[in-house]
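Here are a few friendly notes to read alongside the picture. Please keep the structure open as you go.

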Amino acid sequence: MTEKKKQLGNVAFGGNWSEELVDKDQLKRTLSVIERAARECARRDVRSRQLEKALNEISLTIEKGPQLARRFMRALAEPNPGLRQMEAGRVARIIGRSVGDLGR
């Protein structure tokens, strides 16, 4: 990401589009952490510092982010692996749609 910021920092004309590209890139990476956690949560405990950081980023970035982050963590606490994965996947899709809406 630092390299991308450096490359975009050398752009000679105005506008904040380069910062928006970096932000969108960061959001895509954040979303991929959440989606991976949703896919893998039936097989293992996916709660980690990286996931916590991703959910915090979502909380600060999208509307209803704090509620969605809490719902995702609640889903990960579900004892039944199938239900856990189903609910985590559902919340991850809602987060994904919300992140996609930011690009419009």
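Predicted model: local features only at pLDDT ≥ 70, side-chain atom pairs only at ≥ 80, totals over all residues.

1. Residues are numbered from 1 along each chain as its sequence is written, and side-chain values use heavy atoms, with hydrogens and water left out.

2. The protein chain has five helices and zero strands, running α-α-α-α-α from the N terminus. Helices (H or I, at least four residues) and strands (E, at least two) are DSSP runs, numbered from the N terminus.

3. How much of the chain is buried? Of its 104 residues, 31% count as buried, meaning under 20% relative accessible area, while exposed means over 50% and partly exposed lies in between (1.4 Å probe, protein chains only).

4. Among contacts (heavy atoms within 4.5 Å) between residues at least 6 apart in sequence, 53% join residues at least 24 apart.

5. Now find K64, in the loop between α3 (49-61) and α4 (65-76). K64 is not a glycine, yet has a positive phi of about 65°. Is its side of the story buried or exposed? K64 is exposed, with a relative accessible area of 54%.
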